[in-house]
Amino acid sequence: MLKGEKIRFDIHNILFSIYKFNKTLNNPSIKKTIEKHRKEDVSFINNVTLNSMRLHMHVLKIINIYIKKKLRDQEKILLISAITQIVYLDFKEYAVINCTVEIAKKLKVYHGLINASLKKISNDKLKLREIEITFDDLPVWFKNRTNSLTDIQKKRFINNFIQEPSLHLVFKSKNKLEKFEEELIKTSDISGFLINKKNINEIKSFVNGDWWVQDFSSFYPLYNLKIKDKNKKFLDACAAPGGKSFQLLSRKVNLDLNDKNKSRIQIIKSNFKRLNFETKIFNDDFINFKEDKKYDYIIIDAPCSAIGTIRKNPEIFFKPKGPNFKNLNILQEKMLNKAAKLLNENGLIIYMVCSFLDSETTIQIYNFIAKNKKFEISRFIKIDDQREYSKLFNNSFMLTLPDTILNYKIDGYFAAFLRKNK
Ligand SMILES: C[S@@+](CC[C@H](N)C(=O)[O-])C[C@H]1O[C@@H](n2cnc3c(N)ncnc32)[C@H](O)[C@@H]1O
């Protein structure tokens, strides 16, 4: 097999296993498939895979124009990837068509149809690039859960979700940021967007452990947390891969961290090594967490649909089945109730999810407050008075769809601070 064909065969297998077997891009077998390639080929694979998923709804509209026959899953996936490369990534159509047809032959699917339609699509590619999708083209599960969005929000979402994410860095201290060797658009005294994207492993200060990558939205709530007494006890209940814990440890607080997932705990540990952090690490189901020790601050960065990170995780819309909201909502509620038991009086629960859907955000909080009379929603104190950031706040919550600040992209996110009264 030629090199281009081999790489595209792997891309096909990755997309197929996400589509058909509900895998995520973080799945160890998918990671292994990608990592066995050379560095420059890894960027090619990531580029084609991510954009095929991001743009698949546009591409399905194109396919509907040219093909009336019902396609098999493998034919559909091959076409989505090939059309993305030809129409949107502007790769040489000759190479894309040849490789795709050879792969189709090996998979024993209808290669004649693929060849003929890709040739026609290549001729019309400039016109096809103008095709737009509307909110109606999004998955039904998502539309059913976003009835409360305004037309303007829906339009912004359609324009935003297919864009490539920005890279936002968080530094251990002001001093580390000031010494940073690359150009940065500052979002605070310890954070900013990297202007010229590059492989972060090639930046010396990253290797030295001066900073980590964390989306602005997920960084901002804890950045706003005022900590008066460093002796207070903190628990990060769902900590991996570690962004929130890094923020707290940079502020030298007394932190225990926990995550249920063993392999994600290993990721934290290797991040700790680079960042030179140390603290007590638990690998437990938070719902069964021992109750002998109480905490003053409990961070629940709960498992959720992750829809706020759709730019980074385009598989959320690519998979035929949506997230299991029933299970997620039950788990989120149980985590809040568990945290309520473990929290000292006057303590704070900081509940966060990378979602903007009611059932994972405001509904969870209002239900919790209604059932737990000792708790109240604490106002979210903003340190910065930058006008652009105020749009991320809704009443006492941080609540945002995928958006931009300072012309850079941020994830959709939700955060609420819940205080336990005496
Ligand atoms: C959104 S991620 C946390 C991100 C993390 N706080 C950060 O900033 O990098 C949710 C985490 O919850 C963990 N998790 C899921 N169910 C859990 C449970 N029952 N107990 C503890 N952790 C759990 C997952 O393994 C996952 O790492």
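Residues are numbered from 1 along each chain as its sequence is written. Because the model is predicted, local features need pLDDT of at least 70 and side-chain atom pairs count only at pLDDT 80 or more, while totals for chains, interfaces and linings use all residues.

The protein holds 18 helices and 15 strands, taken as DSSP runs (H or I of at least four residues for helices, E of at least two for strands) and numbered from the N terminus. Its radius of gyration is 23 Å, close to the 22 Å that the globule rule gives for 422 residues, so the protein is as compact as a globular protein of that length; the radius is taken over C-alpha atoms, and the rule is 2.2 Å times the number of residues to the power 0.38. The C-alpha trace spans about 75 × 45 × 40 Å along the principal axes. Of the 422 residues, 39% are buried, where buried stands for 20 or more other C-beta atoms within 10 Å of a residue's own, exposed for 12 or fewer, and partly exposed for values in between, with C-beta atoms placed from the backbone. Contacts are counted between residues whose C-beta atoms, placed from the backbone, lie within 7 Å. Among contacts between residues at least 6 apart in sequence, 70% join residues at least 24 apart.

Two domains are assigned, domain 1 (3–128) and domain 2 (209–420), with bounds that come from an automatic or database domain assignment. Their C-alpha centres lie 36 Å apart, and nine residues of domain 1 are in contact with six residues of domain 2. On the domain 1 side, H1 and helix H3 (39–54) each supply at least two residues, with the largest share, three residues, coming from H3. By class, this side has five nonpolar, three polar and one charged residues; here Ala, Val, Leu, Ile, Met, Phe, Trp, Tyr, Cys and Pro count as nonpolar, Asp, Glu, Lys and Arg as charged, and the others, Gly among them, as polar.

Turning to individual helices, H6 (residues 93–107) has 15 residues and reaches 21 Å from its first C-alpha to its last, close to the 21 Å expected, a value given by 1.5 Å times one less than the number of residues. Val96, Ile97, Cys99, Thr100, Ile103 and Ala104 are buried in H6, and the buried residues of this helix pack against H1 (3–21), H5 (73–88) and H7 (111–123). Lysine 108, with a positive phi near 60°, follows H6. Helix H13 (residues 216–223) is mostly covered, with seven of its eight residues buried; Phe216, Phe219 and Tyr220 are among them.

Valine 213 lies in strand E4 (residues 211–213) and is partly exposed, with 13 other C-beta atoms within 10 Å. Beyond its neighbours within four places in sequence, valine 213 is in contact with Leu167, His168, Leu169 and Ile200. Leucine 418, in strand E15 (residues 413–420), is buried, with 25 other C-beta atoms within 10 Å. With neighbours within four places again left aside, the contacts of leucine 418 are Leu348, Ile349, Tyr351, Phe375, Ile377 and Ser378.

Definitions and conventions:
Contact = placed C-beta atoms within 7 Å.
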